[in-house]
Amino acid sequence: MTDITERVTVEGDGLTISLIVWRRFHRAMPGLVERIYEMNPGLAAHGQTLPLGTSFLLPVPAPDPAPDPAQVLAPIRLW
């Protein structure tokens with residue numbers, strides 16, 4: 001399955017790709033920053049903080065499949 005892409009435009013000062021990814025997904029996304037730079041040649045030329053109005057494609061990974069209920073462990077109760 002291929003990922004969906006979103007067009008993102010920088011609308012604030014001091015934003016980095018990492019911060020934009022964190023704000024979009026609210027969790028760490030290993031390897032996503034590198035994929036963004038691969039999908040958007042020339043984006044790295046802007047430096048670490050992106051200038052206002054910079055537009056780029058952001059890949060949105062497919063959601064993780066739901067865990068198999070047979071493989072989910074029951075919680076351990078100590079008391």
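# Burial and layout in a predicted chain

Student: Which residues of helix H1 (residues 17-25) are buried?
Tutor: This is a predicted model, in which local features need pLDDT of at least 70 and side-chain atom pairs count only at pLDDT 80 or more, whereas totals for chains, interfaces and linings use all residues. Residues are numbered from 1 along each chain as its sequence is written, and side-chain values use heavy atoms, with hydrogens and water left out. Buried means under 20% relative accessible area, exposed over 50%, and partly exposed in between, with a 1.4 Å probe and protein chains only. By that cut-off, the buried residues of H1 are Ile17, Ile20, Val21 and Phe25.

Student: Which elements are included in what covers the buried residues of H1?
Tutor: Helices (H or I, at least four residues) and strands (E, at least two) are DSSP runs numbered from the N terminus, and contact means heavy atoms within 4.5 Å. The cover over the buried residues of H1 includes strand S1 (4-9), helix H2 (32-39) and strand S2 (55-60).

Student: Which residues of H2 are buried, and how wide is the arc that they cover?
Tutor: In H2 the buried residues are Leu32, Val33 and Ile36. What covers these buried residues includes H1 and S2. They sit on the same side of H2, because their arc around the axis is only 105°.

Student: Is proline 59 buried or exposed?
Tutor: Proline 59 has its place in strand S2. Its C-alpha atom is separated by 41 Å from that of arginine 77, 18 residues apart along the chain. With a relative accessibility of 1%, proline 59 counts as buried.

Student: What is the C-alpha to C-alpha distance between proline 41 and phenylalanine 56?
Tutor: Proline 41 lies in the loop between H2 and S2 and is exposed, with a relative accessible area of 73%. Although proline 41 and phenylalanine 56 are 15 residues apart in sequence, their distance in space is 9.5 Å.

Student: What is the radius of gyration of the chain?
Tutor: The elements run β-α-α-β from the N terminus on. The radius of gyration is taken over C-alpha atoms, and the globule rule is 2.2 Å times the number of residues to the power 0.38. That rule gives 12 Å for 79 residues, and the chain is more spread out than a compact globule because its value is well over this, at 17 Å.

Student: What percentage of the contacts with a separation of 6 or more comes from residues 24 or more positions apart?
Tutor: The C-alpha trace spans about 55 × 35 × 15 Å along its principal axes, and buried residues make up 27% of the 79 residues in the chain. Among contacts with a separation of 6 or more, the share from residues 24 or more positions apart is 67%.

Key. Arc of directions from axis to C-beta.
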